[in-house]
Number of protein chains: 2
Amino acid sequence: MKVGVVIYPSKKLQDFANSYRKRYDPYYALIPPHMTLKARFDISESQLNDFSNKLEEIAQKYQPFTITAKKISTFHPVNNVVYLKVNPTEELEKLYDDINSLEYGNPPEYAFVPHITVGQELSEGEHSDVYGQLRLLKLDFTEEVDRFHLIYELENGAWNVYETFLLGNK
Amino acid sequence: MKVGVVIYPSKKLQDFANSYRKRYDPYYALIPPHMTLKARFDISESQLNDFSNKLEEIAQKYQPFTITAKKISTFHPVNNVVYLKVNPTEELEKLYDDINSLEYGNPPEYAFVPHITVGQELSEGEHSDVYGQLRLLKLDFTEEVDRFHLIYELENGAWNVYETFLLGNK
């Protein structure tokens, strides 16, 4: 099965992101707004328990931490993806590294740029329009991250949560 | 915010249910196939942590248990809902009672009929057709229940997982 690891931000931030994703993100109905920590990879059901245990061990090493997001950015011209940029913090980067150092899935293809996608698979014209409009927004999100999520993909492309991991909450 | 408590069955069973929900359930894109343990109710964000702690206490009292599902049934004529009937077990009923005895939300409107919806909001004609077709399926699902899920509703009507609770896994 296909799995991934994400942080789901607060409902408030998810509702904000969805208000744009509805129009600009073809994956709107398949997964809630999220920050990816480990990209989609294939795992056998027999390995899932071990992967989950290792994520739990990682979670216990952390305490809840704060992230901020204040601007819209883009991966253009590499990808026509418009996103809410999450300011990197030491904890977030360390959490990302810990999860990606596990012997599961592929090494990351890109450097870690923490973000929450609000639009993707946009044509060049759409991308200019959407980014031009959204970059003008005055944003100031402060979020407490106290958990992350192991998610899996159903046959229809929708994602569900297999397990949540609370940071340091044991 | 609106929350609920559900069991998400295995990916295999979810994929099965979705193959029918795609056509027969208008909530197909908003929530994965599930068995409801506590119906949707309103909770303040400040109460969420307490509710979550109480669910964790309940989860620790249980060990993983097995459920079976072998037939399609219907709530007709009360509701035109076609569902996969989950055979009640003592553990499942006790878990349901424990969760519904917490001082949160409304008391259940109906007796507990464990089920996974595969079609709803069907016209009389659709209901006859769908139920007539699906009741002929030879089904034999056996599932281990080792967790349940506290879920919340986003503004767009989609549901996400706030926390998973592992049965007895501490």
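The legends below describe close-up views of a predicted model, going from the contact between its chains to single residues.

**View 1. The extent of the interface between chain A and chain B.** On one side of this interface 25 residues of chain A take part, and they are in contact with 24 residues of chain B. The area buried between the two chains comes to about 2,100 Å², and carbon and sulfur atoms give 48% of that area.

View 2. Side chains of opposite charge can pair when their charged atoms come close. Between chain A and chain B the count is 4 salt bridges, and one example is the salt bridge in which the side chain of Lys11(A) meets that of Glu155(B), with 2.4 Å from N to O. The interface of chain A and chain B also holds 15 residue pairs in polar contact, counted where both residues are at pLDDT 80 or more. On the side of chain A that touches chain B, the elements giving two or more residues are α1 (11-24), β7 (147-153) and β8 (159-166) of chain A. The largest share of that side comes from β8(A), which gives 6 residues. Sorted by class, the side of chain A that touches chain B is made up of 12 nonpolar, 6 polar and 7 charged residues.

**View 3. A tilted aromatic pair in chain B.** Over all chains, a search of the whole structure finds 18 aromatic pairs. In the pair of Phe41(B) and Tyr104(B), the ring centres are 6.5 Å apart and the planes stand at 40 degrees, so the pair is tilted. Phe41(B) lies in strand β2 (residues 35-42) of chain B, whereas Tyr104(B) lies in the loop between α3 (90-101) and β5 (115-119) of chain B, so the pair ties together parts that are 63 residues apart in sequence.

**View 4. A salt bridge within chain A.** Over all chains, the whole structure has 20 salt bridges. In chain A, the side chains of Lys61(A) and Asp98(A) meet in a salt bridge, with 3.0 Å from N to O. Since Lys61(A) lies in the loop between α2 (45-60) and β3 (65-74) of chain A and Asp98(A) lies in helix α3 (residues 90-101) of chain A, the pair ties together parts that are 37 residues apart in sequence.

**View 5. The surroundings of His115(A).** This residue, His115(A), is found in strand β5 (residues 115-119) of chain A. The side chain of His115(A) reaches the backbone oxygen of Val113(A) at 2.7 Å. Leaving aside residues up to four places away in sequence, His115(A) touches His34(A), Met35(A), Thr36(A), Phe75(A), Tyr83(A), Leu84(A) and Val86(A).

View 6. In chain A, the peptide bond that runs from His76(A) to Pro77(A) is cis, with omega near 5 degrees, and Pro77(A) is found in the loop between β3 and β4 (82-86) of chain A. In chain B, a cis peptide bond joins His76(B) and Pro77(B), with omega about 5 degrees, and Pro77(B) lies in the loop between β3 (65-74) and β4 (82-86) of chain B. Another loop of chain A, the one between β5 and α4 (124-134), contains Glu121(A). Although Glu121(A) is not a glycine, it has a positive phi of about 55 degrees.

Notes. Residues are numbered from 1 along each chain as its sequence is written. Chains are lettered from A and ligands numbered from 1 in the order in which they are written. This is a predicted model: local features need pLDDT of at least 70, side-chain atom pairs count only at pLDDT 80 or more; totals for chains, interfaces and linings use all residues. Side-chain values use heavy atoms; hydrogens and water are left out. Contact means heavy atoms within 4.5 Å. Buried area is the accessible area (1.4 Å probe) that two parts lose on being put together, summed over both. A polar contact is a pair of N or O atoms within 3.5 Å; within protein, one must be able to donate a hydrogen and the other to accept it, and residues adjacent in sequence count only if both atoms are side-chain atoms. Helices (H or I, at least four residues) and strands (E, at least two) are DSSP runs, numbered from the N terminus. Ala, Val, Leu, Ile, Met, Phe, Trp, Tyr, Cys and Pro count as nonpolar, Asp, Glu, Lys and Arg as charged, and the others, Gly among them, as polar. Rings of Phe, Tyr and Trp (its six-membered ring) pair if their centres lie within 6.5 Å; planes under 30 degrees apart count as stacked, over 60 as edge-to-face and the rest as tilted.
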